[in-house]
Amino acid sequence: MNLDILSNIEITNVFTELVRWVFVFLAAYILIRAIKSLLKVKNPAEVWAYMNLKTFKTDENGNAVDAEEMSVPITHWESVIGRAKSCDISVADMTLSRNHGILMRDTKGKWTYRDLGSKNGTYLNEEKIGSGRSARKTKGTGQMSPAVKVEYGDVIRTGLTEMTLFPISLEEKNNNIAMRRSDTQLMSIGPSLAALTLFQLLTMFQLGISLGAEYLPQIFISIGGLMVIMWIYVAVMRKIGNVSFELESIAFFLSTLSLAVVGSSAPQSMIKQFISAALGIAIMIIMCMILRKLERAKALRWIMLVGAALLLLANLAFGTFSYGAKNWIAIGGFSFQPSELVKIVFIWLGAATLDELFEKKNLWIFMLFSAYCFGCLGLMGDFGTAIIFFVTFLIISFLRSGDFSKLILMVGVAAAGGFMILRFKPYIANRFASWGHVWDAAVVDAAGFQQSRTMSAAASGGLVGVGAGEGWLQDVPAANTDMVFGMLIEEWGLIIAVLAVLSIVTLSLFAYKSIFAGRSTYYTIAACGAMSMFIFQTVLNVFGCVDLLPFTGVTFPFVSNGGTSMMVSWGLLAFLKAADTREKASIAVKAGEKI
């Protein structure tokens, strides 16, 4: 009998030893394919119409004697017209204001024009639609002239310039569609899906060996369920014409790691984490469908704002403390973090179309909502999430205004507020006090205990890890949440942990590249807002684990244990997909959509 037991142990050890390298090769194959495809993305430029510009010259008596004529392609739904070089349609006419007006297209293909309070006003087919007098009255309040409908062939006169909007020809339309398709290079999902499925199957077997028969139902329901959802999702998306899955393949892989981490540290919670991932995928799909219609997305912002404000109030009134922060609400046996859900609303409200960027009231609403969020997070003691919100606020504010001086002032005010928090929140000050020398405070219940244990466990993991479920860091508090990067290295190895980080970085680079081909500033600002949350949250988690930054207690997107965090990570992915303009690549852009 003893020999049989010894033989089984040897077989188990051999399987674990071999499968660790298989995991590394599969992970590298899955993630490198997705990362390579996303980094090679060339979002094609889309021409929506042409603007014919005729700028007159005047003689010494002020009479028009000659005209320079040119045709400018309109490559965005929203274009600023003015004499500034930064304008989308820059006109060499000194009688125009620097930012004179905005030409906009909606999702139905209808065009409108708004005067931005210009000095000399604007005429549409010789009818005044924005005068210098009315502009001077409203300029101080940030109000603009109402938007007016523009048809093809209409003449917009501004100063000494006449602008006529023309549609693209049928031949150009077909050429543009052909060019968009030729520029679009999509990763074939078949090989990646097969590799990810094998990775998930091996993960189930490895956890089954490590945890024993007691937890087999949780293991197979959670990881097997995610596998089934993954295949169904790909099949349905391909059926409706969407065949690009780089973003989703990364998210599915990281979600698989999350289930494995939870299985190692809290196997009784695996099914809950799987349900959260399934709900997150559903949230992403619903958000993409809403974001497909820009007007609908904008209309929902105010409902979401009210809901987010009430959630934060409920958190302050009924929240429970965990690790020094009052950021959880428990209802029966279910608990969630309202501040995580508010991340989606924060970006949804912060994003704006080009005309809204010139209205001061929209900026004030966003700033007041941001201040409300910062205040609530401060009262909760959720310092890590407050930092993430603030960095996202700075990025969105810069994209909305382009003003560095205001950002510097905001950073100064935030620094003063941070010192006040450190003064009145001693446990946060203790975290900063241990920064850089956690080994001096590595005893139990001391500030450096978690980080020192995390680095020790990570060192034992090596390149390929000790195997899923075979590590000891799982016994340290918050190992599967705030310290999850250490668990990744210990059980899965440095290679897979680094690839996971590179995946998040790639998502962020993809969002940055989408700016240059974005149809609307709403989509590009939203994508960059989601990017800032992904990348900064990952930086705080990873660098906090290894003592390169103060430990702030934030999660690793998609990977950390936590249902709310998982759902929100999938929800934030929707903003990146909405900014993707490649043919057959985005749920938010209809497959085969014509110009």
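Analyst: The turns below treat cavities, then strands, then helix pairs. Please note that this is a predicted model.

User: How many cavities of 30 Å³ or more does a search of the whole structure find?

Analyst: The general idea is that rolling a probe the size of a water molecule over the atoms shows where empty space is left. Here the search returns 6 cavities of 30 Å³ or more. The largest cavity holds about 60 Å³ of space.

User: Which residues line the largest cavity, and which helices supply at least two residues each to that lining?

Analyst: The lining consists of Arg301, Trp302, Leu349, Ala351, Ala352, Glu356, Asn362, Ile365 and Arg400. By class, 5 of the lining residues are nonpolar, 1 is polar and 3 are charged. Helices α8 (294-318) and α11 (360-380) each contribute at least two residues to the lining.

User: How many bridges join β10 to β11, and which residue in their hairpin takes a positive phi?

Analyst: Strands β10 (residues 155-158) and β11 (residues 161-166) run antiparallel and are joined by 4 bridges. Across this pair, Ile156 stands opposite Met163 in β11. The hairpin has 2 residues between the strands, and Gly159 takes a positive phi near 60 degrees.

User: At what angle do α9 and α11 pack, and how far apart are their axes?

Analyst: Two packed helices are described by the angle between their axes and the distance between the axes. For helix α9 (residues 338-350) and α11, the angle is about 165 degrees and the axes lie 10 Å apart. An angle over 145 degrees counts as roughly antiparallel, so α9 and α11 are described in that way. The crossing of α9 past α11 is left-handed.

User: Are α9 and α19 roughly parallel or roughly antiparallel to each other?

Analyst: The axes of α9 and helix α19 (residues 563-578) cross at roughly 15 degrees and come within 8 Å. Angles under 35 degrees count as roughly parallel, and α9 and α19 are therefore roughly parallel to each other. Their crossing is right-handed.

Definitions and conventions. Residues are numbered from 1 along each chain as its sequence is written. This is a predicted model: local features need pLDDT of at least 70, side-chain atom pairs count only at pLDDT 80 or more; totals for chains, interfaces and linings use all residues. Side-chain values use heavy atoms; hydrogens and water are left out. On a 1 Å grid over the protein atoms alone, a cavity is a set of points where a 1.4 Å probe fits but cannot get out, and a pocket is an open set with protein on both sides within 12 Å along at least five of seven lines; lining residues have an atom within 4 Å of a point. Grid points are joined across faces, edges and corners, and a volume is the space filled by probe spheres set on the points. Ala, Val, Leu, Ile, Met, Phe, Trp, Tyr, Cys and Pro count as nonpolar, Asp, Glu, Lys and Arg as charged, and the others, Gly among them, as polar. Axes are lines fitted to C-alpha atoms, for helices over the stretch in contact, and angles run from 0 to 180 degrees between N-to-C directions. Angles under 35 degrees count as roughly parallel, over 145 as roughly antiparallel, 65 to 115 as roughly perpendicular and the rest as oblique. A crossing is left-handed if the near helix is turned anticlockwise from the far one by less than a right angle, and right-handed if clockwise. Two strands pair if DSSP finds at least two bridges between them.
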